[in-house]
Protein chains: 2
Amino acid sequence: MNPAGKPGKTGSLMAVEVALARLLEMAEASPIRERERLPLAQVEGRVLAEDLISTLDLPPWPNSAMDGYALRVADWTGTPLVVSQKIFAGQAPEPLKPGTCARIFTGAPVPAGADCVEMQENAEVQADERVRFTEAMAVGQNIRPQGQETTVGELILSVGTRLGPIEQGLAASLGRAELEVIRKVRVAVLSTGDELIEPGQALGPGQIYNSNRVLLCSWLQRLGYEVIDAGILPDNLETTRARLGELKDVDLILSTGGVSVGEADFLGIALREEGELTLWKLGIKPGKPLTFGHFRGVPVIGLPGNPASTLVTFALLARPYLLRRQGVKAVEPLKFQVPAGFDWPKPGNRREYLRGRLENGRAIIYKNQSSGVLRSAAWADGLVEVLEDRTLIEGDFVGFIPLSDVLG
Amino acid sequence: MNPAGKPGKTGSLMAVEVALARLLEMAEASPIRERERLPLAQVEGRVLAEDLISTLDLPPWPNSAMDGYALRVADWTGTPLVVSQKIFAGQAPEPLKPGTCARIFTGAPVPAGADCVEMQENAEVQADERVRFTEAMAVGQNIRPQGQETTVGELILSVGTRLGPIEQGLAASLGRAELEVIRKVRVAVLSTGDELIEPGQALGPGQIYNSNRVLLCSWLQRLGYEVIDAGILPDNLETTRARLGELKDVDLILSTGGVSVGEADFLGIALREEGELTLWKLGIKPGKPLTFGHFRGVPVIGLPGNPASTLVTFALLARPYLLRRQGVKAVEPLKFQVPAGFDWPKPGNRREYLRGRLENGRAIIYKNQSSGVLRSAAWADGLVEVLEDRTLIEGDFVGFIPLSDVLG
């Protein structure tokens, strides 16, 4: 018994980075290019479809970094200066009258003729309201020059940048009220497995609750995608074909569970008949079986059905694939090297992603690393990477991928 | 000139952790307790208002960890066994007929009477369809026992847990179709500063584009909050009072810019007259001035107006405050210790949060750390923490807070 494409226990495993490289290649071969112009407030989670070039200098004019007084340093001879104007942020100042100073507030434009701002703490207002300065002053002091941050024509954000609150704020500071972005990616999520029933129903003999679809639908929405919940595929070839056929407008069909089980694998049969199917056995734990294929031209990724396996393979493989489809360059998660707070005496033949936490600067791991439920992941704040064929003692460095980095 | 409460340059600065502790105390004094029952698919970003206790064992019955054959080890004497039933996942098996084996697939219930599953790779199907086993077998092998992951009555998630895709998936696996959660927090966001205009308009003399409101509105939405965009407050006391008065149903008024500038500070005047106002000078850079107060009983946090300062103070102070209002226990971001990829020759008197990246395992920083725009933050993937009164040479450890961890 050896279902098609599934190597036996002595079969070689595909390294995670090899699988990722292949998936990214396939993503690049079917890029999503349709774009739309959206108000700035609506672009969160989208990918920029244009280079964002600055059309202004920032700051647009020299401005004061402090609350204080603007003056020309050469005018200060020790004799108190008359305050000839008061400049709040948002006001356009008069040129500075020679031999005087201007009261000025943080962010306000420095008047022509002034070359210095002295902070108010170093200024004494006399009884006659003239101002005496108590410290030596230098030309340019406390002035933020025009264009210090950004000048006209500079590239600020490139095509392919994922847009979040920071990028939205940055675009706003350049006066952009709208941006060109890639349209929302449409992902259909389905489960296979006759043992699955929906939460809220009574559990019959042999049944378990479906959790992967909830996990993936919520995750895909966080990533800014349009999610089509395609339900549980029944164990029937005709229906499987019909249900898959309804998903012709999506960019990806994402399934979990069971493609490698030959006998009741109607999804696998449908893909082989009307598309293509590759089964990979990955050197990853939890994880291992991953399916990539097409149904009538629509890409299909089949993740393993154990919840922790679904989590890890989506985070490390499907998420980068989807981001790259949109043209995102930086698709891999942040990975920190931190000391292990545990021993790892037995080397494994697969790369392990343990659900762990950062505690006093060390990576500690959940006691039960079974892939069957998400308890370990809910407890965790990161995936702790232990390389294949490796033992560890406490204090050795391991990779740590924050879950927050892959969830958004 | 020294606006109320603002210490001079020799005044002592409040440490970040002191400010955070005070804010969290204030948050605990005005908890948001109203709860609602929501379908599981809608709880992303919410905070759990009930302890989630398991009402079932997971797995609910012993099940097979492999595709193979279930048998009683004692029945194996070397004589091939008849296959008396075939058990797919989702099926309720018959008790195992003594002296036979059952074909079984991953996830399927192990039949009563069987005490072992042998993987199919170690089984030979004879011409007469009986099965011969080629390796020694042990009781319990490849069986996931009932309740291995979770047993009835166990506490799975506590009150105060933030719910994301993983927690939603976990609740689904326990059969929960709905959860009790804290209602959405309502935050009004406003800007002050006569120099501000909205993106898309033409920039007049002395004006700059408002970016903080876009940043904060988008960020608050990502955090799962209800956002009221209260616009730019005009420089007029009557209007300021009226506009603040309209916000009586919010949980927090979040303002940026200008509360510490005395003369045109109508927000400050309104708070002093009809509430309360505390100005803190924080030992944080970018940042420093932070306002906490009330207007007719509604809490007000005033963040500094420079975009990078708004970002850092929201991430480190306002975000934890808001989470704690909802009863979240773990409110501080992840912080990794990583080697600095830069020198820091001049000690500062404030704790610096430099916008940095992880590159080859080291923290590198953006060349221009000005707080005036968000370019550094858009380039960055973390905040690099350099403690006050400290110098660094390359390779010394610094704190690194992933932006992804505070943005979600």
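Predicted model: local features only at pLDDT ≥ 70, side-chain atom pairs only at ≥ 80, totals over all residues.

Modeller: In it, 86 residues of chain B are in contact with 86 residues of chain A. On the side of chain B that touches chain A, the elements giving two or more residues include helix H2 (165-173), helix H3 (212-222), helix H6 (307-325) and strand E22 (336-339) of chain B. Strand E11 (155-157), strand E15 (208-209), helix H7 (375-379) and helix H8 (403-407) of chain B are also among them. By kind, the residues of this side are 43 nonpolar, 29 polar and 14 charged.

The arrangement of the copies comes next. Chain B is superposed on chain A by a rotation of 180 degrees with 0.1 Å of shift along its axis, and the RMSD is 0.1 Å. The two copies are therefore related as by a two-fold rotation axis. Moreover, 100% of the interface residues of chain B are also interface residues in chain A, so the copies meet through the same surface.

Two of the elements named above may now be examined in chain A. Helix H2 of chain A covers residues 165-173, and nine of its nine residues are buried, so this helix is largely enclosed by the rest of the structure. A residue counts as buried here if 20 or more other C-beta atoms lie within 10 Å of its own. Among the buried residues of H2(A) are Ile166(A), Leu170(A) and Ala171(A), and also Glu167(A) and Gln168(A). After H2(A) comes Gly175(A), with a positive phi near 85 degrees.

Strand E22 of chain A, residues 336-339, shows another pattern. E22(A) runs antiparallel to strand E26 (residues 397-402) of chain A, and four bridges join the two. Phe336(A) has Phe400(A) as its bridge partner in E26(A).

In chain B, the loop between strand E25 (382-386) and strand E26 (397-402) holds Asp389(B). Asp389(B) is not a glycine, yet its phi is positive, about 55 degrees. This residue is exposed, with 10 other C-beta atoms within 10 Å.

In helix H4 of chain A, residues 237-245, the buried residues are Thr240(A), Arg243(A) and Leu244(A). Seen down the axis of H4(A), these fall within an arc of 95 degrees, so they line one face of the helix. An α-helix has 3.6 residues a turn, so residues three or four places apart point the same way. Glu238(A) and Ala242(A), on the other side of H4(A), are exposed. The cover over the buried residues of H4(A) includes strand E16 (226-233), strand E17 (252-256), helix H5 (266-274) and strand E20 (289-295) of chain A.

The loop between strand E19 (284-285) and E20 of chain A contains Lys288(A). Although Lys288(A) is a residue other than glycine, its phi is positive, near 80 degrees. Lys288(A) is partly exposed, with 19 other C-beta atoms within 10 Å. In chain B, the loop between strand E19 (284-285) and strand E20 (289-295) holds Pro286(B), and the peptide bond from Lys285(B) to Pro286(B) is cis, with omega near 0 degrees.

Note on methods
Residues numbered from 1 in each chain as written. Chains lettered and ligands numbered in written order. Least-squares fit on C-alpha atoms with pLDDT ≥ 70 in both. Contact = placed C-beta atoms within 7 Å. Nonpolar A, V, L, I, M, F, W, Y, C, P; charged D, E, K, R; others polar. Buried ≥ 20, exposed ≤ 12 C-beta atoms within 10 Å, placed from the backbone. Arc of directions from axis to C-beta. Pairing = 2+ DSSP bridges.
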